[in-house]
Amino acid sequence: MAALALGLAGTAFVVGPSMTAGAATATLVVDYTCNNGIAGTGSGTVNLRTRLTVPTTLNVGDPLNVEWKLNYKDATRFGSPAYMPNGGRIDVIGRANISGGWDGQLQPKGTVEQAGPLDKGVPLDLPVGISDFGHTDRAGTVTVRPGKTLFVDFRPAASEVMVNDDDPTITYSAGWEDLNDRPSEDNDYHLDLHRTTDKDAWASYTFTGTGIEYVAQKDRDAGPIDIAIDGQPATPPRVDPSRNPDGTLVNDAHKGGETLWKFHGLKYGQHTITIKNVQDAKAGQLDAFRVITRDLVNPPKEYRAECTLANAPGAIQVEIGGGDDNPASPSPDTSPDTSASPSTSPTPSASPTDENPGEESLSPSPSPSATPSPSPSASPSPAAVQTQHYIVTAVVTQGSPSPTATRTVTLTATPSVAQVAITPQGGAQTGEAPERVSFSGMLLIGSGGALLLIGMLSGVAMLRRRAAHSGERG
């Protein structure tokens, strides 16, 4: 896991017991100088100014995001490497190197479509930004540094382009004539055509793409044409416009706009096709070439511009807290000997290496006293001292090659009063029953018996009195 950093705009932050880390960020400015590829077809050398934003405080589980804004620094621009009828796409890939708590690399990426058509050298747009993120799985401090290189690729869009026979980029040998204003029923592309009857007369065209097609007339009076790609015989090496695929003579005369030969599957790049008339007194023709560019899985290497650091942006430190790498350890037992009073009350414990001060939880003291007391004690024992840690991290502005300065100060606050009091035996917080006196049960039984005896005697006296009254009335 890691993050990327590039030139620091000064910022500082404090993480305390009542504050949640993760809100602070740092923005760096990094300049790059780009050469080769689409830099060479544009201004020659292109200067970029980028701004990188990285969070400086995170909790374990938070993503470490790298966001990189891209801009041209001055009037220099990347340029289209060739004529692109359907435009293309710019891809930018950066590098963010991570060290410290762990080693790694992020690769921020971004893309933007270029609307076509694009003439060669036309300025290209940059993506607004590039980004990447990594998962944080443990606490620690990592340092993020920008990579030394940034790559800018151009990927052409798939296309088919018709190149008419009178295009100035087509080269003709001697012996060709340019025929214009052809009859519309001939269906020649743009109603024009080049024709020769000289043996070995040739025409050549250099194109950029992955395929090429030869377009001319089907004509019973035409002669065969030899075709080569990049100086080598093509497949097939010859085409005869006067013949059908089965070798029979065609019935057509001056049927223009026909695709007589095609070759696809070339590696994307610059190639040259050459056509040559084979027979003297037989017509060799050229109506157009159709240039094919298929969808490309990868951008062409020859279009890649490589950008190198032009300044010393420095680095950013990222604090990642909340992990289990440094679990809280019990604080030492500082309470006095309480052998006169049993004590099982919890003692608050805060680890001196706690990653999240202020989130301490109560845990039982590792050595509670359980010695029984002959008599109950109502005086509370002194509470264990609770220590809280405040981590103060300063991020220093870097605009030069000077190293990053990071300072950590630990302030210990010791409360002057007891945090937890010992509750006497039988209190609500102890979970123990109150102590009993041994003679209390016998006393209660005797009292109940006396009350019962008195009640019985009173009942006998009342019965005798009623009997006496009854005798008197008799």
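**Salt-bridge tour**

Start by selecting aspartate 153, which is buried at a relative accessible area of 3% (buried means under 20%, exposed over 50%, partly exposed in between, with a 1.4 Å probe and protein chains only). Before you click on, note that this is a predicted model, where local features need pLDDT of at least 70, side-chain atom pairs count only at pLDDT 80 or more, and totals for chains, interfaces and linings use all residues. Residues are numbered from 1 along each chain as its sequence is written, and side-chain values use heavy atoms, with hydrogens and water left out.

Strands here are DSSP runs of at least two residues, numbered from the N terminus. Arginine 304 is partly exposed, at 33%.

Next, pick arginine 155 and aspartate 91, a salt bridge with its closest N and O atoms 3.2 Å apart. Arginine 155 is in strand E12 (residues 149-156) and aspartate 91 in strand E6 (residues 88-93), so this pair ties together parts 64 residues apart in sequence. Both ends are buried: arginine 155 at 15%, aspartate 91 at 9%.

Then hop to lysine 199 and aspartate 200, whose side chains form a salt bridge at 3.5 Å, N to O. Lysine 199 is partly exposed at 48%, and aspartate 200 is partly exposed at 38%.

Last stop: select Asp31, Arg49 and Lys73, which are linked in a salt-bridge network.

Terms used
A salt bridge is a side-chain nitrogen of Lys or Arg within 4 Å of a carboxyl oxygen of Asp or Glu. Helices (H or I, at least four residues) and strands (E, at least two) are DSSP runs, numbered from the N terminus.
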